[in-house]
Amino acid sequence: MFQLIEQRNDAAQHGEALGWAEFLPAFLASTFDNWQSEFLQLVWQAAGLALFCFWGSSQSREGDARLEAKVDRLLRNQGVDPAQFEYQEQRQAEHQEHQA
């Protein structure tokens, strides 16, 4: 809409009528240029977000450890040993460390 108004005003300043043959290619070019820019920005943001989710951040790892400590404390308050919920691989690794 604004590009049409601008094109019409430019034509009027030069004493010409709005030429659709000149307007449509310029309109399509600027529209696709804008879409390309937005698409590339969206792809970049999505790829960056995927990398950050994959790598994680120190705050998210810190948060997970803090959450796990809270859950462990709640389990202990209920008389449940949190160690019974650990993964078997972790238990085997700890058992091997104690034997070494």
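Me: How many helices and strands does the secondary structure of the protein come to?
Reply: This is a predicted model, in which local features need pLDDT of at least 70 and side-chain atom pairs count only at pLDDT 80 or more, while totals for chains, interfaces and linings use all residues. Residues are numbered from 1 along each chain as its sequence is written, and side-chain values use heavy atoms, with hydrogens and water left out. Helices (H or I, at least four residues) and strands (E, at least two) are DSSP runs, numbered from the N terminus. The pattern along the sequence is α-α-α-α, and the count comes to four helices and zero strands.

Me: What distance separates the end C-alpha atoms of helix H2?
Reply: The expected span of a helix is 1.5 Å times one less than its number of residues. Helix H2 has 36 residues (residues 20–55), so it should span 52 Å. The end C-alpha atoms of H2 agree with this, being apart by 52 Å.

Me: Which residue with positive phi follows H2?
Reply: The phi of this residue is near 75 degrees. The residue that follows H2 is Gly56.

Me: Is Thr31 buried or exposed?
Reply: Thr31 has its place in helix H2. Buried means under 20% relative accessible area, exposed over 50%, and partly exposed in between (1.4 Å probe, protein chains only). Because its relative accessibility is 18%, Thr31 counts as buried.

Me: How many aromatic pairs are found in the whole structure, and which residues form an edge-to-face pair?
Reply: Rings of Phe, Tyr and Trp (its six-membered ring) pair if their centres lie within 6.5 Å; planes under 30 degrees apart count as stacked, over 60 as edge-to-face and the rest as tilted. A search of the whole structure finds one aromatic pair. With 5.5 Å centre to centre and 80 degrees between the planes, the edge-to-face pair is formed by Phe32 and Trp35.

Me: How does Trp35 count by relative accessibility, and what is the value?
Reply: Trp35 lies in helix H2, three residues apart from Phe32, about one turn of the helix. Phe32 counts as partly exposed, because its relative accessibility is 48%. Trp35 counts as exposed, at 53%.
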